Amino acid sequence: MEPMNLQPFTFEGISTDRPLVIAGPCSAESEAQMVQTAQQLAALGIKIFRAGIWKPRTRPGTFEGYGSLALPWMQSVKEATGMLTATEVANVKHVYEALKAGIDILWIGARTSANPFAVQEIADALRGVDVPVMVKNPVNPDLELWIGAIERLYMAGVTRLAAGHRGFSTYEKTAYRNDPNWQIPIELRRRIPNIPLIIDPSHICGKRYTLFEITQKAMDLNYDGIIIESHIDPDHALSDAKQQLRPDQLGELLKKLVIRKEYIENGSLVTIEELRSQIDKIDDKIVELLEKRMHIAEEIGKIKKENNIAVLQTKRWHQIITQRMKEAREKGLSEHFIENIFRAIHEESINHQTRIMNEN
Ligand code: PEP
Ligand code: MN
């Protein structure tokens with residue numbers, strides 16, 4: 001596909017300074033809960049209100065949202081606070097009803113973005129409608145599926161798009177409800193350079209006390225925004241009670257965040273954290289390659305053993321080192337550095353081979 005020509009995910013009357021903050025309860029529970037929460041959030045300077053109208057729940061028999069009944073409450077929030085409103089849509093009916101009710105921003109939830117049929121239907125319903133859409137990552141750690149969902153919307157003419165990072169489910173229990181798997185959103189932004197990244201720490205953490213560190217990390221990775229759950233009485237929330245913050249607690253979290261300076265590289269904004277994570281990825285590969293190299297050396301060791309050949313082949317070692325030093329000069333690396341590295345690698349290979357030769 002051609003590079004996407006995305007329009008900025010910005011809103012009239014809302015500062016374009018990082019981060020863009022979207023906050024509100026997991027679910028719309030009553031008009032009073034919504035308006036009270038919104039008023040407290042608005043007092044913190046937050047301009048976009050989120051609430052789930054239709055709730056995808058893992059198990060039946062839990063609160064599935066008030067559905068269309070709750071849409072007028074979003075209107076009340078707008079009237080009481082002037083905030084913009086955002087909600088999740090999972091099918092065509094949700095899209096029509098949300099647009100009719102004047103919802104300003106739509107998002108596609110993690111369970112929906114994992115389903116190309118559902119995403120395509122939503123995209124078709126949005127053809128010709130200029131509404132901003134955030135596409136959350138699919139529940140499973142599949143970058144192509146996430147990109148595919150974004151592409152389906154883009155191809156239907158939705159150009160105000162953002163990517164919501166809410167973590168990925170894992171079978172094993174981890175410290176998080178959904179594993180952040182930072183490499184995936186970082187790679188997403190490399191593939192779609194202009195897409196705003198919005199962190200959803202609530203659904204990554206699943207509990208309150210790790211929310212700050214995840215949000216700060218996202219800011220250090222140069223994310224553009226935050227979508228976070230906030231409820232006036234979290235312990236009695238009808239969904240996601242453990243991860244929601246009271247508006248005053250959210251205010252504290254936001255105040256503590258350090259928004260570091262960005263700098264420009266090749267026309268795109270990068271941060272040191274982002275570059276470090278690129279280095280980690282390269283280091284991973286180096287170790288992986290070294291492991292592979294040692295395996296091959298062991299294979300050679302077996303052949304040497306069978307044929308009664310000495311481990312150290314001086315001619316071969318000389319050939320390796322001269323070849324690599326020549327390459328180093330061409331690539332602007334010092335000969336000394338390359339010689340040291342290859343001496344260490346060669347020594348490790350010899351040790352692996354000697355071990356093989358001495359095995360019975
Ligand atoms: C939500 O935002 O409340 C929600 C259900 O999110 P997700 O689709 O990321 O689970
Ligand atoms: Mn939730």
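Which residues do ring pairs link into a cluster? Select Phe 63, Tyr 66 and Trp 73: these are the members of that cluster. Keep in mind during the tour that this is a predicted model.

**The two domains**

Colour the protein chain by its domain assignment, which gives domain 1 as residues 20–269 and domain 2 as residues 275–358. Between the C-alpha centres of domain 1 and domain 2 the distance is 48 Å.

For one pairing in detail, select residues 197–199, which are strand 7, and residues 225–229, which are strand 8. Strand 7 and strand 8 pair in the parallel sense, over 2 bridges.

**Aromatic pairs**

How many aromatic pairs does the structure hold? The count is 5. One of them is formed by Phe 9 and Phe 11, with 5.4 Å from centre to centre and 85° between the planes, an edge-to-face arrangement.

Are Phe 9 and Phe 11 buried or exposed? Buried means under 20% relative accessible area. Phe 9 has 8% relative accessibility, so Phe 9 counts as buried. Phe 11 has 11%, so Phe 11 counts as buried too.

Next, select Trp 146 and Phe 168. Why is this pair called edge-to-face? Planes over 60 degrees apart count as edge-to-face, and the planes of Trp 146 and Phe 168 stand at 70°, with the ring centres 6.4 Å apart.

Where do these two residues sit? Trp 146 belongs to helix 6 (residues 143–155), whereas Phe 168 is in the loop between strand 6 (161–165) and helix 7 (183–191). The pair therefore ties together parts that are 22 residues apart in sequence. Both Trp 146 and Phe 168 are buried.

**A lysine over a ring**

For the last stop, select Phe 212 and Lys 256. What lies over the face of Phe 212? It is Lys 256, at 4.4 Å from the ring centre.

Definitions and conventions: Residues numbered from 1 in each chain as written. Chains lettered and ligands numbered in written order. Predicted model: local features only at pLDDT ≥ 70, side-chain atom pairs only at ≥ 80, totals over all residues. Heavy atoms only, no water. Pairing = 2+ DSSP bridges. Helix = DSSP H or I, 4+ residues; strand = E, 2+ residues; numbered from the N terminus. Phe/Tyr/Trp six-rings, centres within 6.5 Å; stacked < 30°, edge-to-face > 60°. Buried < 20%, exposed > 50% of the residue type's maximum accessible area, 1.4 Å probe, protein only. Lys NZ or Arg CZ within 6 Å of the ring centre and 35° of its normal. Domains from an automatic or database assignment.
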